[in-house]
Structure formats: structure tokens, C-alpha cells
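Hi everyone, thanks for making time for this.

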Number of protein chains: 2
Amino acid sequence: MTEDRFLHQLFPRLGAMPAEVVVGPGDDCAAVRARPGRLLLLAVDQVVGDRHYRLAGPDADPPALAGRKLLARNLSDIAAMGGVPLHALVAATLGPGQDEAWLNAFFDGMLELARATGVTLIGGDLARAPHDTVASLTITGEVADAEIKLRSGARPGDIFLATGGFGNSFPTRHHLTFTPRLREGRLLARHPGVHAMMDVSDGLFLDASRICRASNVTLRLDPARIPLRTPQTTIAQALGDGEDYELILAADPVTAAALEQTWPFPDVPLTRLGEFRAPDAAGPQVTGPRGEPLQPGHAGFDHFQE
Amino acid sequence: MTEDRFLHQLFPRLGAMPAEVVVGPGDDCAAVRARPGRLLLLAVDQVVGDRHYRLAGPDADPPALAGRKLLARNLSDIAAMGGVPLHALVAATLGPGQDEAWLNAFFDGMLELARATGVTLIGGDLARAPHDTVASLTITGEVADAEIKLRSGARPGDIFLATGGFGNSFPTRHHLTFTPRLREGRLLARHPGVHAMMDVSDGLFLDASRICRASNVTLRLDPARIPLRTPQTTIAQALGDGEDYELILAADPVTAAALEQTWPFPDVPLTRLGEFRAPDAAGPQVTGPRGEPLQPGHAGFDHFQE
């Protein structure tokens, strides 16, 4: 099973969302009515030893980077909604090989990034597992009603843009050291002409397809325009590798041009990669620049599928 | 390492809590200023396969009961603060033996209890682990400022009361089927004379000791008064087994007497088990009824300690 397929049949079983739940499951964060004009954002993400980082062996990643990654993944979800992060709760389950020193280093890496991004750890739970080490983090954040960005707002005629570069996240260790695009997300959130936004964790092709399905649009994507993380990165890797933690967005043409001209972050480029159209009979999808089928080298990195 | 010892050295590294965080780490829930007069409660708890329930083998517990337990543990934390539960986010990591049918049953058990308690699942994440199955749930809730109950409010002269019965939770399967004490928690929260409250997950002796340390009081506990879950349950089991998910509380004598006389839940008794005093030179602790050392049969069930 894939995560998308499982969730597709799970969501109807959740029942109707109560009125205060403005955004329910299926976007980067849920959003709940907080005080007038403001929404409380909530998301949860996890890191699993020897899946999201190397836990054991001579090539083991430093536990500080694993803890850092756990928070950074969640910050990327807040950034994707245009929000400001606030608070975090952590549940950690240690395998038999992880001791107090390991756990302290794990928290050190997390807390250093928390301080840098204004996040406060307000709760948690610790447990032991027979073999594996699994940690989840729930983050809260805040965003103005008028500034929240969803996956579902892209419109035919919108331009498709992306921050940063793509591909080769694991070999370059980008997946452990990336900077969540909070600064960029806040800037983009202030533009009413940015109609949809999400972060890329499962691969550019797969996550762009999710915007298409949520918005009922088709994306004509030009793979030749994708900024590659390294000179050795292939387009197939850029489309499929995942763990990029960049923002992708849909903006009307005027807003897109204004963003390109005024973009203030030279270290994190904003690149125009394609445009959205009304879907044809094939339904919402990602195609090549002339509407031809796009064959990604990978189908995307589903963190759940076996 | 024990969870208490680890957290004791972790908390100072978290930095000062911002003003909106009214209750930080160390109680059953964190509490964050929401709208005027109301606090947002947040807590996270987990269930680990073959630790908190039997995942594999001929005696495997039904996955629906594992999912139910995950939510019920969190509801117990909301109950302990006197709150009303609202929303939940779930992170689940499956081992190689858990398939779509298993995961659906896990969610079925969780969602049935969610419907019964007014909780809406608003987000989540799914992943795979090399061996183990671990799930965490973050719950939110709400409580009036004037009604929140902490561990730290017990005073010398207060009476120590408990709901329900204790001991033998695992063999009786109480740990999978218990009813979180939300109803009782809300009733108790409305009494200003209830000064402290928490839920018992790690054993009556260990959790009562936590109230004593948080409140700087000593508890004279009469083990002979503890309601035993079954006729076969020993006092040592009642003091140390854990996973009771009952509420324990400190109330002034007038409130305690009023509660005993008007308690409306015949299926969940409220029992007076002792009284709090100012600590002597030995510091805050749980003693026997005449101040003698209390030797629990178990030191308590720390879900983290190996």
C-alpha cells in the first residue's frame, strides 16, 4: 500500500470536521480556529532510525543531526502553510543500542534548531522498543486567516515556482542539514496572488502531482529548468529523489513576475518551472512542457510504501 | 536511566517558557494561552508493539485494542488536567509484519473511541520501521483557566483520593479496555477545593510520589484502603503495577467530604487513601499511614527504563 492510497480510504472514516477545524487531514498542516483572524497550525512528522537517517554501523549519522532533522521536517510543514512555528511535543522510542548520551545528543541537535527558529519544546514522552528507534514531533504554529496557503488553490494559468534545488538529498546529506524555508514561506504567504503552496518531501514529481489532484489542475513542467542540487545530479534524481524540503507554489502570472524581480534571497533561488492548465480528459496530472507524458526516473519517495 | 532522571536534566536545557505557555513540560499536559479565560491543552503519548500491547504471536492483542489504547492513554492525560478533549494527530510506524488490514483495524479501534469522546483526528504521518511498530498520538483539549488542575497544587492537610481500582492491569486486560476518566475529571475540575490531580500510568506509588515532589508535600498513604482491581490483586500490585489510568487528587477536607457524599458515579468509586503533610527532613515522599517507610512491592512501571 502507498500512504496516499491508505489515506484516501481512511479520510472518509474520520467523519465530518467540526466547524473550528478549518483545514483537516491531507495538507501539510491542519488548521484550527484560534483567536479572531488567526489560525493554529498543527502537524506531526517522524524520523525512523535506518530509514530517515543511519542509526547503526560505521557510517552512523550523528544523533544531533537526527534530532535536528526531526524538527526541521516539521518546520518545513509550517513553512509550507506560510506560518510561524511556536511549540513542539516529542515522542521518542529508543532501541536497545541507544543510551542516555545518544538521547542527549539527539535533543541537543533538536534544541539548537528550536532556539534558532523560536520554537519551544513544551511536552513529550519517552519509551523503549525491542529493536528500533522512532521519534515523532508534533509542531504548532500560527498564521493569519488571510495568509494561509493550501495545496488546493492552484488555478489554470498560474505559474509553477520552486525554491532552492532538487535531487541527491541523501548522498549530499542535505536531508540532515537543510534549512527549512520559513523565511521564504512567510514572504510568499503575504502575496495574495500565491494561490497554493506545499513542501517537497516525497519528490518534486510526486508532490507536484499532489497539488494537481488537490487543485484539479494539470501542471506542464519543464524538467530542463529544474535547479539541480549538484552538477552530478540528474533530472530523474531531481524529479524523484525526495527529501528536498523546498517549497513549490502556484502564483498568478503578475505575482510570479513580481516575485522573480524582487526575490530577496540570493542563496535560495526562486525558479519558474512550468504552468498550470485546466485538466484534460486524463484528469489532473503532471506532464512535460508540451503536454506529453512525463516519465520520472523514480515514482517518488513514499516514506510509507515498502 | 529512568524517564524522571533524564527529564530532570533535560528541562533546564529547554530555556525559559514564553509567556503564552502557562504549563510547560512535566505535567500530564502542557497548557498554552488560547482565547481569554481558556487554555489549550496538549499532550503526546505512544504505544509500542510488544511493550504496551502484544503485537505478535498466538496471544497477539487485536490491533483495534492497540489503537484504542493509544487514544485512551492521551484522553487520560486530558482528564487529569480537568479538560475536554478536542483534536488528535497520529504518527504510526509499522514493522514489516503489519499490513493494511492491521493498520485499518488499529485506526478502527482508535476512531470508535474518538467518536465516543468527541475527538476529531485532524492529522498524521505514516512510516515504516525495520522491525518494530510504534505509534504516537498528540491530543489537544481545552479547559477554563479557573479549572485546570496541576500536579503541583497539593497542600499539607489535603486529603488524597483516587478513582476506581488498582493493580493487575495487564493480566485483566484493563490496560487495553479502560475508560478514560474524562467525566470524573470534569466533575473534579469544577471544585476549587481540588488542589492537584494527575492520572496513574506508572503505578500508584510512583505517580503519588510525583505529586509529592511537584507540590513539596509528603503523603501518608494507607495501603489497606486501596481498592484492588480483583480479589486476587495484592497491595503490592496495586501500588506498583501501573497502567491503571485512574485519577489521583488532593482536595481540602471540606471538599473531600462533599465529594464523597455527592459522588454520582457508582461504577467508579472515589476512595480516600490518605492525607498530605508538610515534608519532614527526608523531603517530599510517600510514607505509610503513621509516617513509616512504605516499601512498594514494585518501584513502579517506568515505561522508559530498561
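Ala224(A) sits in the loop that joins strand S9 (218–221) to helix H7 (235–240) of chain A. Helices here are DSSP runs of H or I with at least four residues, strands are runs of E with at least two, and both are numbered from the N terminus. Before we go on, a word on the source: this is a predicted model, where local features need pLDDT of at least 70 and side-chain atom pairs count only at pLDDT 80 or more, while totals for chains, interfaces and linings use all residues. Residues are numbered from 1 along each chain as its sequence is written, and chains are lettered from A and ligands numbered from 1 in the order in which they are written.

So, is Ala224(A) buried or exposed? Ala224(A) is exposed, because 9 other C-beta atoms lie within 10 Å. The cut-offs are 20 or more such neighbours within 10 Å for buried, 12 or fewer for exposed, and partly exposed in between, with C-beta atoms placed from the backbone.

Now on to helix H8 (residues 253–262) of chain A. Its buried residues are Thr255(A), Ala256(A) and Leu259(A). Why do they share a side of H8(A)? They cover an arc of only 100 degrees around the axis, so they are on the same side; that arc is taken from the directions from the helix axis to the C-beta atoms. On the other side of H8(A), you'll find Val254(A), Gln261(A) and Thr262(A) exposed. Among the elements covering the buried residues are strand S7 (159–163) and strand S11 (270–277) of chain A.

Let's zoom out. Chain A has eight helices and 12 strands. Its radius of gyration, 19 Å, is close to the 19 Å that the globule rule gives for 306 residues, so chain A is as compact as a globular protein of that length. That radius is taken over C-alpha atoms, and the rule is 2.2 Å times the number of residues to the power 0.38. Of those 306 residues, 55% count as buried.

Finally, the partner chain. The contact takes 52 residues from chain A and 52 residues from chain B, where contact means C-beta atoms, placed from the backbone, within 7 Å. On the chain B side, S5(B) gives the largest share, nine residues.

Key: Contact = placed C-beta atoms within 7 Å.
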